[in-house]
Amino acid sequence: MRFDVNITISDKEIPKDKNRMFLSFIKHNLSKNNKTCFEKLYGKGITDRKSFAMASYLPGAIFNENTITIPNKKIKLTISVVDMELGVEIFNSMMGSVNSTYRYKDCELTTTNVKLVREKRIENSTEIFKTLSPIVVRDHEKETNKDWFYDLSDPKGQEIFVRNLKYQLEEEMPESKYFLDELEVEVLKNKKTVAKNYGINVQCNLCVLKINAKSEILEHIYKSGVGSYKSQGFGLLDII
């Protein structure tokens, strides 16, 4: 399930750590609409991977040192959810927020409308995807509790990305484990970039990927997103 949430903002400036603001916006509306669903996702101590991804479109955005200037004060937030039940809950919470305003620090976000997006069908074993929000390739060292971020243009980054993707698929789609040996990823284009996420500058990738896998796996990737922090505003894909 995929839908667009159109938002107007009270001022031209939003925080550079924009995904933190958007996630707060989603959490606020989900909690207001369905407290039980919110607690299941974000209750105390819950750190499970979420089965959705999002991307923001900021027309004419100017990136400053600590803020982003959006001249027309309009934002489009695209949310994709692989779990239909959860998708309906998030969609309903967004619909319930239409014409209401949420304040985040000095910024006010008003939902103007919500629109379902027709999802593209995947019937083949090869698909080409482009990023709507950058992919984060992260390797976490348990011994040191440190995170290392990688570039998808490098073989090491590609290796870690595929490894993490297989972990994600096994967790979210257990039946896929029998077919993951067939999974192949080719990076057709990549641009390394940096995004602020919860106060940290994170290396990430804007890219075009060619992925070979069973069509059911490709469909899951398309709907659920890929990479680390995918439910925090990263890793949403579209089909070219």
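Guide: In this predicted model, Lys120 forms a salt bridge with Asp238, and the closest N and O atoms of the two are 3.3 Å apart. Lys120 lies in the loop between β8 (107-117) and β9 (126-131), whereas Asp238 belongs to strand β14 (residues 237-239), so the pair ties together parts that are 118 residues apart in sequence.

As background, side chains of opposite charge can pair when their charged atoms come close.

Another salt bridge links Glu123 with Arg121, with the closest N and O atoms 3.0 Å apart. Here Glu123 is exposed, its relative accessible area being 57%, and Arg121 also counts as exposed, at 70% relative accessibility. Salt bridges that share partners, in turn, join Glu119, Glu219 and Lys223 into one network.

A further pair is made by Arg103 and Glu108, which form a salt bridge whose closest N and O atoms are 3.0 Å apart. Arg103 is partly exposed at 48% relative accessibility, and Glu108 is likewise partly exposed, with a relative accessible area of 31%. To set these pairs in context, a search of the whole structure finds 10 salt bridges.

Terms used
Residues numbered from 1 in each chain as written. Predicted model: local features only at pLDDT ≥ 70, side-chain atom pairs only at ≥ 80, totals over all residues. Heavy atoms only, no water. Salt bridge = Lys/Arg side-chain N within 4 Å of Asp/Glu carboxyl O. Buried < 20%, exposed > 50% of the residue type's maximum accessible area, 1.4 Å probe, protein only. Helix = DSSP H or I, 4+ residues; strand = E, 2+ residues; numbered from the N terminus.
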